[in-house]
Amino acid sequence: MTSIQSLLKTARQQLATVSDSPQLDAELLLSHCLNKERSYLYAWGEIRVEQALQRQFNQLIEKRLSDYPIAYLLGHKAFWSLDLIVTEAVLIPRPETELLVETALEKIQTSKAPKILDLGTGSGAIALAIASERPDAIITASDYSDKALAIARQNAKKNNIHNISFIQSDWFHQIPPQKFDLILSNPPYISSQDPHLQQSIRHEPLQALVSGETGLDAINAILDSALHYMQHRAWILIEHGYNQGDTVPLLMKKLGLQHSHCIKDYNGNNRLSIGRKG
Ligand SMILES: C[S@@+](CC[C@H](N)C(=O)[O-])C[C@H]1O[C@@H](n2cnc3c(N)ncnc32)[C@H](O)[C@@H]1O
């Protein structure tokens, strides 16, 4: 049997080849196997780990060495103030997407019981974060993937959130006619030719990432129908790639949306475009 300390040391050295945070990854995976908090590893570094758990840990390290995302190995990911279940059926929520949540919350600051639509909800990250801050909001969250919707529903239950209706829909096709105060989406926006698709994101669902040759198919499909579902003075917020910050506000302007502009994330990259009806 090997001690916690020495398991961590070996794993850290191995993971340094694939991860920017080898120590953290090793600690997260070992505390996951031991079913303990990370602080336990510091307090009890001398303790010897039984063979079966050691084997389980080594298997996780092996998978991580093939660039498999840590969130899928752990089965959950923190987003906003929530802990979300993630499986290969959903995109792993990214910290950059919190900018969309922040911007959305600003836009509905003064509205009572705003009606909100989150298109392509995946794990439910955006809809759930907003619902957690605004229990009065009336939220619809949709996805084409029924497997993703099953995870989003589990996340609502896990986080005790009750003001979201989930619906399977190909963008707006199955959304009953109605007007929203706010439409949100972090759609797939990567070009099918993008070489990044060979990197670690290859483990995430293709339908969550790729959107035709230009990467704009989903954004075009959403914008095509959005106006019919927007209240007068409703906002639409769309997350997109760093290289789409000129195109998306332009597409919004062409549609007749007002105040269309792109917002940069905290790394200074174009991240999100917004526009208002009227
Ligand atoms: C980039 S992921 C975003 C997931 C989540 N909103 C987030 O920010 O973490 C895009 C989501 O759009 C969904 N999607 C792809 N094509 C769709 C379509 N035609 N209609 C509805 N949802 C779609 C995917 O299944 C995926 O869950």
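**Figure 1. Contacts of D265 and E96 in the predicted model.** D265 touches E96, L99 and R271, not counting residues up to four places away in sequence; two residues are in contact if their C-beta atoms, placed from the backbone, lie within 7 Å. The structure is a predicted model, in which local features need pLDDT of at least 70 and side-chain atom pairs count only at pLDDT 80 or more, while totals for chains, interfaces and linings use all residues. Residue numbers start from 1 along each chain as its sequence is written. D265 is found in the loop between β10 and β11; helices (H or I, at least four residues) and strands (E, at least two) are DSSP runs, numbered from the N terminus. With 18 other C-beta atoms within 10 Å, D265 is partly exposed. A residue is buried if 20 or more other C-beta atoms lie within 10 Å of its own, exposed if 12 or fewer, and partly exposed in between, with C-beta atoms placed from the backbone. E96 belongs to the loop between β4 (82–85) and α6 (98–107) and is also partly exposed, having 16 other C-beta atoms within 10 Å. Apart from neighbours within four places in sequence, E96 is in contact with D265 and R271. E96 and E239 are 143 residues apart in sequence, yet their C-alpha atoms are 9.4 Å apart. The C-alpha atoms of D265 and D146, which are 119 residues apart along the chain, are separated by 30 Å.

**Figure 2. The buried side of helix α10.** Helix α10 spans residues 247–254, and V248, P249, L251 and M252 within it are buried. These residues lie on the same side of α10, because they cover an arc of only 155° around the axis; the arc is that of the directions from the helix axis to the C-beta atoms. They pack against α9 (217–226), β9 (230–239), β10 (258–264) and β11 (270–276). After α10 comes G256, with a positive phi near 95°.

**Figure 3. Strand β5 and its parallel partners.** In strand β5 (residues 115–119), 4 of the 5 residues are buried. β5 pairs with strand β6 (residues 138–143) in the parallel sense over 5 bridges; two strands pair if DSSP finds at least two bridges between them. Within this pairing, K115 stands opposite I138 in β6. Strand β8 (residues 180–185) also runs parallel to β5, joined to it by 4 bridges, and D118 stands opposite L184 in β8.

**Figure 4. Residues around the ligand.** Among the 22 residues around the ligand, G120, G122, Y144, N186 and A208 come nearest; a residue is near a molecule if its C-beta atom, placed from the backbone, lies within 6 Å of it. The elements giving two or more residues to this shell are α7 and β6.

**Figure 5. Two asparagines with positive phi.** Most residues other than glycine have a negative phi. N35, in contrast, has a positive phi near 60°. N35 is located in the loop between α2 (22–34) and α3 (38–43) and counts as exposed, with 8 C-beta neighbours inside 10 Å. N160 has a positive phi of about 60° although it is not a glycine. The loop that holds N160 lies between α8 (146–158) and β7 (164–168). With 7 C-beta neighbours inside 10 Å, N160 counts as exposed.
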